[in-house]
Amino acid sequence: MPYSTGCTTVLSNFEANLNYKDVNDPSIYITFPIKNEPSVKFLAWTTTPWTLPSNLGIAVNSDFEYVKVQDIARNEIFILAKCRLEEIYKAKSKEPLYTILHTYKGSELVGIEYEPLFDYFLERAKDGCFKVLSGPFVSKDAGTGIVHLAPGFGEDDYKVCVKNGIIRPE
């Protein structure tokens with residue numbers, strides 16, 4: 001219930017919405033290096049960067065096609081959904097921005113381990129954390145086709161982690 005500490009009373013929905021403003025949410029691209037091949041990184045996009053310290057997994061859509069690309073400008077290798085390439089690499093010149101090195105079905109990526117971003121939950125690796133999981137909610141309309149999972153912050157994240165035994169509801 002909205003509450004005014006100044007008036008020491010509750011606020012109506014009308015009063016609470018008087019100060020409503022549209023704001024731009026921050027979003028960032030983040031890389032997750034593959035554990036046995038750290039020069040190759042999963043490329044994810046998130047609108048909730050404050051949840052990254054709680055990351056326990058990443059999700060791909062098993063039915064999507066994914067590509068390993070050599071980013072020419074950065075000289076780095078990324079894995080992302082093929083359908084998101086044109087949005088991520090908007091060509092401003094005729095020069096190629098990437099080279100496709102390999103194509104995968106999303107289901108082929110499931111189970112690959114990656115290096116965690118932070119060391120807060122390293123002991124959870126034995127529970128199946130820090131792996132690629134299948135997430136049917138991963139969509140083609142935004143991001144990179146790879147979703148970072150912080151089960152304490154999102155319902156879809158939580159459900160995928162429960163299904164894979166990372167989180168055990170009591």
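**View 1. Phe118 and its ring partner Tyr120 in the predicted model.**

**View 2. The aromatic pair of Phe32 and Tyr114.** Five aromatic pairs are found when the whole structure is searched, and among them is the edge-to-face pair of Phe32 and Tyr114, with 5.1 Å from centre to centre and 75 degrees between the planes. This pair joins distant parts of the chain, for Phe32 belongs to strand S3 whereas Tyr114 sits in the loop between helix H3 (106–109) and S9, 82 residues apart. Phe32 counts as buried at 0% relative accessibility, and Tyr114 counts as buried at 1%. Ring pairs also bring Phe130 into a cluster with Phe32 and Tyr114.

**View 3. The largest nonpolar core.** This core contains 30 residues, and those with the most contacts inside it are Phe42, Tyr66, Ile79 and Leu109. Several elements each supply at least two of its residues, including strand S3 (28–34), strand S4 (37–46), strand S7 (76–81) and helix H4 (155–163). In soluble globular proteins, nonpolar side chains tend to be buried together.

**View 4. A second, separate core.** Eight residues make up this core, and Leu43, Val69, Leu80 and Tyr89 are among them.

Terms used. Residues are numbered from 1 along each chain as its sequence is written. This is a predicted model: local features need pLDDT of at least 70, side-chain atom pairs count only at pLDDT 80 or more; totals for chains, interfaces and linings use all residues. Side-chain values use heavy atoms; hydrogens and water are left out. A nonpolar core is a set of buried Ala, Val, Leu, Ile, Met, Phe, Trp, Tyr and Cys residues joined through side-chain atoms within 4.5 Å. Buried means under 20% relative accessible area, exposed over 50%, partly exposed in between (1.4 Å probe, protein chains only). Helices (H or I, at least four residues) and strands (E, at least two) are DSSP runs, numbered from the N terminus. Rings of Phe, Tyr and Trp (its six-membered ring) pair if their centres lie within 6.5 Å; planes under 30 degrees apart count as stacked, over 60 as edge-to-face and the rest as tilted.
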